[in-house]
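Morning, everyone. Let's look at the structure together, starting with its charged residues and then moving inside.

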Amino acid sequence: NNKTQQLVDDYNTALQAKGLCDYDDILIKLRDFLRDNQTPFTHVLVDEFQDTSPLQYEMLLLFGINNVFVIGDPLQSIYGFRGASADMFDQFKTDWPGATEIKLTTNYRSVSEIVALSGAIFPNQPTLQANRTQSGRIQVVQALNEYGEADYIVRTVEGLIGGSTMTAASDFYGDDCQRTFRDIAVLYRTHASS
């Protein structure tokens with residue numbers, strides 16, 4: 001719509017007035033450079049390939065070399081909003097038909113309970129083996145929406161510390177709550193989730 005276009009135009013004008021460019025501008029300039037110049041590179045490595053945008057993939061093609069190494073996990077593609085897609089792996093196999101695919105099936109990060117849960121969530125994927133021998137406890141919770149998820153987290157923390165207010169503490173009176181806030185971490189992928 002017109003308001004969005006005006007916002008984009010104003011943003012680009014402000015960047016240009018200050019002699020700045022954003023990440024997409026850099027990629028476009030690099031793509032244009034690659035179109036007009038032969039690259040001096042003989043090898044290219046792409047990490048987190050599942051997050052490759054169409055523009056980045058076009059640049060990979062423009063390098064015009066066969067020594068390309070990509071690493072990534074199609075199940076971890078989170079940048080769909082900017083065009084990234086796990087389908088890039090299939091496109092890569094088409095564009096580099098001689099490429100060798102190596103599936104890494106040992107998980108060095110997670111305990112066996114988490115690895116087993118990931119196998120249940122993605123049953124059609126290669127079975128992973130946990131390298132870590134420590135055991136852990138895992139609980140899967142399905143919430144109706146982000147508000148239900150936040151409420152569950154708050155109630156769980158309140159239960160672990162015995163309540164953070166007089167009212168909440170009375171709900172847990174008599175429970176064996178010996179944890180403090182420093183014993184608890186809430187992990188999330190993007191800051192917007194907080």
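Start with Asp 32: it has 31% relative accessibility, so Asp 32 counts as partly exposed. On the cut-offs, buried is under 20% relative accessible area, exposed is over 50%, and partly exposed is in between, with a 1.4 Å probe and protein chains only.

A word on the source. This is a predicted model, where local features need pLDDT of at least 70, side-chain atom pairs count only at pLDDT 80 or more, and totals for chains, interfaces and linings use all residues. Residues are numbered from 1 along each chain as its sequence is written, and side-chain values use heavy atoms, leaving out hydrogens and water.

Back to Asp 32. Its salt-bridge partner is Arg 35, with the closest N and O atoms 3.9 Å apart. A salt bridge here puts a side-chain nitrogen of Lys or Arg within 4 Å of a carboxyl oxygen of Asp or Glu. Arg 35 is partly exposed too, at 48%.

Next, Arg 31 bridges to Glu 58, at 3.8 Å, N to O. Arg 31 lies in helix 2 and Glu 58 in helix 3, so this pair ties together parts 27 residues apart in sequence. Helices are DSSP runs of H or I, at least four residues, numbered from the N terminus. Arg 31 is buried, at 16%. Glu 58 is partly exposed, at 25%.

Put together, Arg 31, Asp 32, Arg 35 and Glu 58 form a salt-bridge network. How many salt bridges does the whole structure have? The search finds 7.

Now Phe 49. Beyond its neighbours within four places in sequence, its contacts (heavy atoms within 4.5 Å) include Tyr 57, Leu 60 and Phe 92.

Notes: Helices (H or I, at least four residues) and strands (E, at least two) are DSSP runs, numbered from the N terminus.
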